[in-house]
Amino acid sequence: MEHNQHKHYTQEINITPQLMERINELISHYPEGKQKSALLPVLHEVQDAHDNWLSIELQNKVAEILSIKPIEVYEVVTFYTMFNQRPIGKYMFEFCQTSPCCQRGVEDLMDYTCEKLGVKVGQPTPDMMFEVRGVECLGACGYAPMMQLGDFFQEHLTKEKIDQLIDDCKAGKITLHDK
Amino acid sequence: MGRKILLDKINVPGIKTYEVYRREGGYSSVEKALKSLSPDEVVEEVKTSGLRGRGGAGFPVGMKWSFIDKKSGNPRHLVCNADESEPGTFKDRYLMEYIPHLLIEGMIVSSYALGANLSYIYIRGEYMWVYKTLERAIAEAKAAGWLGKNILGTGYDLEVHVQIGGGAYICGEETALIESLEGKRGNPRLKPPFPAVKGLWQNPTVVNNVESISAVPWIINNSGADYAAIGKERSTGTKLISASGNIKKPGVYEIELGLSVYEFMNSDEYCGGMETDRPLKALVPGGSSVPILPAHLIYKTANGDDRLMTYESLSDGGFATGSMLGSGGFIVYDDRACIVRNTWNFSRFYHHESCGQCTPCREGTGWLEKVLWRIENGEGREEDIELLWSIQSKIEGNTICPLGDAASWPVAAAIRHFRDEFEYHIRFPEKVKNRNHFVTEPFEKVKHLVVKQEI
């Protein structure tokens, strides 16, 4: 458990009309009265639109939109690893560190990336541009070593590819979300 | 060349789009089923095919379908399990990413068989771009009249939606998946009642894997008997194998069940042999949960028979000398792999993924991880191997869902087959401080150090 999880972070909430339209579309996928089922997809959409993390205030807002209790949102946000409860690096390099990726050298590659960015795992760069994380199996074992960056996978990684990705992120050439 | 049922069209340019998929004969099984077969006839055809659940458990699909409660009159649902997260497994993504309409076609025919009018595909959160691919494909199918009201004028209505998860392996367990689909934490339910009676929103529900549902169109277009003619004994049809680790050609392969493990490993059509021609050390044949096999039990069973890629042959010898076909997550290890480190890696995975409902799993997986970590880091104690054995034996069978078993089996198998490697770590702590210890000096070279000491 990260100790800074208890620190209270705030963010500006902005549910745009487009976002609301998408939320309503997601709710329409479920029968009347079962709108709670849309919680996970809605949280993804809301998180994507808010620098990839969910403050308590934002979670309360989601509860209000779905007409459920805030605790029902907190329960879900704390259970699933993809929901972030604190501000995170804009470009989060999430390396798969499960067995098949380890057989293909992901641990050395993570060390290399951390060293290059001057960070430790789970610690964003001071400018909040980058963060490195180790995650569990991403289901791309045959294309190892690999990582997730935004909505996409970066596979068959090498040190040279990491260098290139960091440069591309800095140059704003990397698309994070598939909208 | 083995026969291809699922992947025969995957390399057709543009097959991802509706137009090309349709031109190649796509959706013909929907026409055939809805216009000329009753739902029960579709179920019978799938029963005849002998198709077994491709997610890992291998339960016959047709039989699972026949359990669905039709008497209550409650709405029924088909839910496709696309929460592929078993380490070593990446086959479902391959299907959904490159030929998404095959799954949708299978969803329509299968939903028709079950009498379901509202079905879902639950996909893991990390496959976000595949989720979008499926959403687009569903919209295309709907625009072409394969979904919606009164499909093909037959009076059958069906809506299919994709639901995205949030990053939790446990949601691959069917009742946890249903909880998650209801917008809750992925805590598995106590069974009974089974989902076939009380599933999604307490309605009768069938949960099937992507690969199982994708096999249905071929079965309907041809016949259950044709499908059953492929394969060997009770392992009928074809299976996707996701091959990874130290092999020349990692990737997803469709095999006819019954192929020998030797051929799959070494033929150029499949894995192409070992990555750098180093010796084969171990194999996890069916995803991280199944027992690991040492080199001498991979190509031959304990009886000396050829080991085949079938449910039966891979489990030949039980857990003492066999393993399981599982999800088809085929992970190959060469002599540089450290079995202790690998077992620790798997235990960390299960600890991380335990939902926390059952004490033996919540606590036990953490203890396994901790003890394995200290052995791997040269801080192991003489009694640790017995301790690991004791912990795993107390998790197995004592939890609501099979995650507890899945966490126990890899540890038990590693100790059973590679005990000397654990002893080496405990007795020569200085030699294992560097995490790549066997990369520079494979265990084979230092094995002689672990001999029973004379008293």
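1. What pattern does chain A follow when it is read along the sequence? In this predicted model, chain A runs as α-α-α-α-β-α-α-β-β-β-α, and its secondary structure comes to seven helices and four strands.

2. On the division of chain A, the domain assignment gives domain 1, covering 3–79, and domain 2, covering 91–170. The C-alpha centres of domain 1 of chain A and domain 2 of chain A are 27 Å apart.

3. As for overall dimensions, the C-alpha atoms of chain A fill a box of roughly 50 × 35 × 30 Å along the principal axes. The radius of gyration of chain A is 18 Å, which agrees with the value near 16 Å for a compact globule of 179 residues, because that is what the globule rule gives for a chain of this length.

4. Within chain A, buried residues account for 40% of the 179 residues. Of the contacts in chain A between residues at least 6 apart in sequence, 61% join residues at least 24 apart.

5. Turning to chain B, a reader may begin with an open sheet of five strands in the order E3-E4-E2-E1-E5, in which the pairing is mixed. Strand E3 (148–151) and strand E5 (205–209) of chain B are the edge strands, each of them pairing on one side only. Neighbouring strands of this sheet are turned against each other by 25° on average, with direction ignored.

6. Inside that sheet, strand E1 (residues 77–82) of chain B and strand E2 (residues 118–123) of chain B run parallel and are joined by four bridges. B:Ala82 stands opposite B:Ile123, a residue of E2(B).

7. Two helices of chain B can be described against these strands. Helix H6 (residues 100–114) of chain B lies across E1, E2, strand E4 (156–164) and E5 of chain B, and runs at about 145° to E1(B). Helix H9 (residues 210–221) of chain B lies across E1 and E5 of chain B, and runs at about 90° to E5(B).

8. Where the two chains meet, the contact takes 48 residues from chain B and 34 residues from chain A. Several elements of chain B each supply at least two residues of the side that touches chain A, among them helix H7 (128–143), E4, helix H8 (174–181) and strand E12 (329–334). The largest share of that side of chain B, six residues, comes from H14(B). By class, the side of chain B that touches chain A has 17 nonpolar, 21 polar and ten charged residues.

Notes:
Residues numbered from 1 in each chain as written. Chains lettered and ligands numbered in written order. Predicted model: local features only at pLDDT ≥ 70, side-chain atom pairs only at ≥ 80, totals over all residues. Domains from an automatic or database assignment. Rg over C-alpha atoms; globule rule 2.2 N^0.38 Å. Buried ≥ 20, exposed ≤ 12 C-beta atoms within 10 Å, placed from the backbone. Contact = placed C-beta atoms within 7 Å. Pairing = 2+ DSSP bridges. Axes fitted to C-alpha atoms, helices over the stretch in contact; angles between N-to-C directions. Nonpolar A, V, L, I, M, F, W, Y, C, P; charged D, E, K, R; others polar.
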